[in-house]
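Thanks, everyone. I have one model to walk through this morning. Please keep the picture in view while I talk.

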Amino acid sequence: MVLLLTVGPFGGGPVWLFAFPIIVAILLGLRFALISLALNVGTIIIIGILLQIGHIDWDYSTINPIEKWVVIGLNFMLLNSITTISIALISEGIQDLLMRQKSMLASLEKSEEKYRILVENANDSIFVAQDGTIKFLNQKTEELTGYLAAELIKKPFVDFIHPDDKQIVVEKYKRRIDGEKLASTYSFKIIQKSGF
């Protein structure tokens, strides 16, 4: 209000008056933005009163200055309210979206940890092959094959399949890649580090 009175109602003051609730909306949310809009209404009313009683003069002579100020003030507040409330709602929506994303990420991390523990402690050999190479294997696979994970990761998975089963495993792998739905599990023999 001081800036508006110093610069004048038609100088740079209205720019700051307009920006104030928008900045508040971004930083503090809708509730405080509405309070700042109410402060703007009060400021415009006070300036209207000061214009009416002659403490503020227009920079140029005008007929019906108070009526013009009412029209200017109403238009100003309409645009300021629409802009401020829109920005506040968008800002709150973005903040809500970020909070939900953070919550989902925490949930996903918990779930991932639970399944990692389950797979690591399984009594069956579990490994994941992608693009023809081994990407993951559990401790039971290390025990059964005699290989350490570092020896198998990034190696072609077919190199560790017994020759008797290699053709059927490769065929099933290709069919899955092509999108065919197959039985979820099947058995095959692997070559251990010892050669058996």
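Let me start inside. Which residues does asparagine 80 touch, not counting residues up to four places away in sequence? Asparagine 80 touches Leu17, Phe18, Pro21, Ile22, Leu37 and Asn40. Contact here means heavy atoms within 4.5 Å.

Before I go on, the ground rules. This is a predicted model, where local features need pLDDT of at least 70 and side-chain atom pairs count only at pLDDT 80 or more, while totals for chains, interfaces and linings use all residues. Residues are numbered from 1 along each chain as its sequence is written, and side-chain values use heavy atoms, with hydrogens and water left out.

Back to asparagine 80. It sits in helix 4, residues 65–120. Asparagine 80 counts as buried because its relative accessibility is 0%. Buried means under 20% relative accessible area, exposed means over 50%, and partly exposed is in between, with a 1.4 Å probe and protein chains only. From asparagine 80 to phenylalanine 20 is 60 residues in sequence, yet 9.7 Å in space, C-alpha to C-alpha.

Now helix 4 itself. Its 56 residues should span 82 Å at 1.5 Å a residue, and its end C-alpha atoms are 80 Å apart, which agrees. The expected span is 1.5 Å times one less than the number of residues. Buried residues in helix 4 include Trp69, Gly73, Phe76 and Met77. Further on, Thr84, Ala88 and Ser91 are buried too.

The whole chain next. It has seven helices and two strands. Helices (H or I, at least four residues) and strands (E, at least two) are DSSP runs, numbered from the N terminus. The order from the N terminus is α-α-α-α-β-β-α-α-α. Of 196 residues, 23% count as buried. Take contacts between residues at least 6 apart in sequence: 48% of them join residues at least 24 apart. The chain exposes about 13800 Å², and carbon and sulfur atoms supply 63% of that. Accessible areas come from the Shrake-Rupley method with a 1.4 Å probe; for residues, only the protein chains shown count as cover.

Phe20, Ile23, Ile26, Leu27, Leu28, Phe32, Ile35 and Leu39 make a nonpolar patch of about 790 Å². Patch residues have over 30% relative accessible area and no salt bridge; like charges are joined within 9 Å, and nonpolar side chains (Val, Leu, Ile, Met, Phe, Trp, Tyr) within 5 Å. A salt bridge is a side-chain nitrogen of Lys or Arg within 4 Å of a carboxyl oxygen of Asp or Glu. Helix 2 (13–28) and helix 3 (30–53) each supply at least two patch residues. The largest share, five residues, is from helix 2. Leucine 39 lies in helix 3. Leucine 39 is partly exposed, at 49%.

Two loops to check. Aspartate 131 lies between strand 1 (127–130) and strand 2 (133–137). Its phi is positive, near 55 degrees, and it is not a glycine. Aspartate 131 is exposed, at 67%. Lysine 154 is in the loop between helix 6 (149–152) and helix 7 (163–177). Lysine 154 also has a positive phi, about 75 degrees.

Last, helix 7. Asp165, Val169 and Lys172 are buried there. Seen down the axis, the buried residues of helix 7 fall within an arc of 65 degrees, so they line one face. That arc is taken from the directions from the helix axis to the C-beta atoms. On the other side, Pro163, Gln167, Lys174 and Ile177 are exposed.
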